[in-house]
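Please find below a short note on the model under review.

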Amino acid sequence: NSRFERRLPPVQGNSLARTALATLFALIAFAANSILCRMALRAGSIDPASFTSIRFLAGAVTLCFVLLLSSRRLRLTGQWVSALVLNGYAVGFSFSYIHLTAGTGALLLFGAAQIIMIGAGFLAGERINKAIAAGWLVAIAGIVILTAPSVSSPPPLASAEMLAAGIFWGWFSLRGRGSKDPIAENAGIFVCALPIALLINVAPIANVVTTSNGIVLAVLSGSIASGLGYAAWYTALPKLKSITAANLQLAVPALAALGGAVLFREAITLRLLLSAAMVLGGVAVATATRAKQAVSRDA
């Protein structure tokens, strides 16, 4: 018994480390998705419908290949609802990024998503204390500073499309909390999502345009930032509360804004740096407090 008890802390530590690494990879992948999509669409290298279809195709192929290497089976049962939800997110995401900057788009996306996830957390009975609330409010204040109307406001239609994408993304994240095999389930979702996305390509709004550069960016978005990124997020979600997951996603707009500033030569202003510090700092406080609560309950 004493040997067994001595082995428990390393196992728990390894589990926490895996969750932390999966979460970190997923958040970086989410920010990369905004940057890759904006990079492809701002230059007209590809149209939004084709970007979405190629993104799903690349994600499906990547995840199925990972399953093949691990000798696991593809699961399609019950994935069609998630596939529809994922399409709702992806279509709004791609079409809005014709007009939105990387940082603004990510902010609208994850702002809407975190409202959905926090609302679900409250309805599920998750509790917050003053430290969690303060961290969340500081992060929200950072977002407000970043989008204060000192510059021209984003186009209303594009903003509405991205907010709708955020609602679908929050729903998709909540559906993934009960995932038992993230890679297999995400592979099934991507396979089911592909034929739905292809229907958009034949719609009048498609206006198909593809270049080699646009295809490469869509493949990177689908294979790494989406396929593996979603699998990592689904891996971490069962260990995260809805409120914690929502708080963590608040870091993505700051990461995307900084990436857009570097890659697209957007000015790195004092306001941007202050906002990033507030968002990341607020998320850190809220998440650390939630983690301490979890440890106290388990002790």
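The numbered points below cover the basis of the values, the fold, the cavity and the aromatic pairs.

1. The model is predicted: local features need pLDDT of at least 70, side-chain atom pairs count only at pLDDT 80 or more, and totals for chains, interfaces and linings use all residues. Residues are numbered from 1 along each chain as its sequence is written, and side-chain values use heavy atoms, with hydrogens and water left out.

2. The protein chain contains eleven helices and zero strands; helices (H or I, at least four residues) and strands (E, at least two) are DSSP runs, numbered from the N terminus. Of the contacts in the protein chain with a separation of 6 or more, 91% join residues 24 or more positions apart (contact: heavy atoms within 4.5 Å).

3. Of the 299 residues in the protein chain, 48% are buried (under 20% relative accessible area, 1.4 Å probe, protein chains only). The chain exposes about 14300 Å², and carbon and sulfur atoms supply 69% of this area (Shrake-Rupley method, 1.4 Å probe).

4. The whole structure holds one cavity of 30 Å³ or more. A cavity is a set of points, on a 1 Å grid over the protein atoms alone, where a 1.4 Å probe fits but cannot get out; lining residues have an atom within 4 Å of a point.

5. Which residues line the largest cavity? They are F30, N33, S34, Y89, F93, L109, F110, W169 and Y230. Helix 1 (2-42), helix 3 (80-96) and helix 4 (102-123) each supply at least two of the lining residues, and helix 1 gives the largest share, three residues.

6. The search for aromatic pairs finds 13 in the whole structure; rings of Phe, Tyr and Trp (its six-membered ring) pair if their centres lie within 6.5 Å, with planes under 30 degrees apart counted as stacked, over 60 as edge-to-face and the rest as tilted. One of the pairs, F30 with Y230, is tilted, at 6.3 Å centre to centre and 55° between the planes. Because F30 lies in helix 1 and Y230 in helix 8 (residues 212-236), this pair ties together parts that are 200 residues apart in sequence.

7. F30 and Y230 are both buried.

How values were computed: 1 Å grid on protein atoms, 1.4 Å probe; cavity = no way out; pocket = protein on both sides within 12 Å on 5 of 7 lines; lining within 4 Å. Points joined across faces, edges and corners; volume = space filled by probe spheres on them. Buried < 20%, exposed > 50% of the residue type's maximum accessible area, 1.4 Å probe, protein only.
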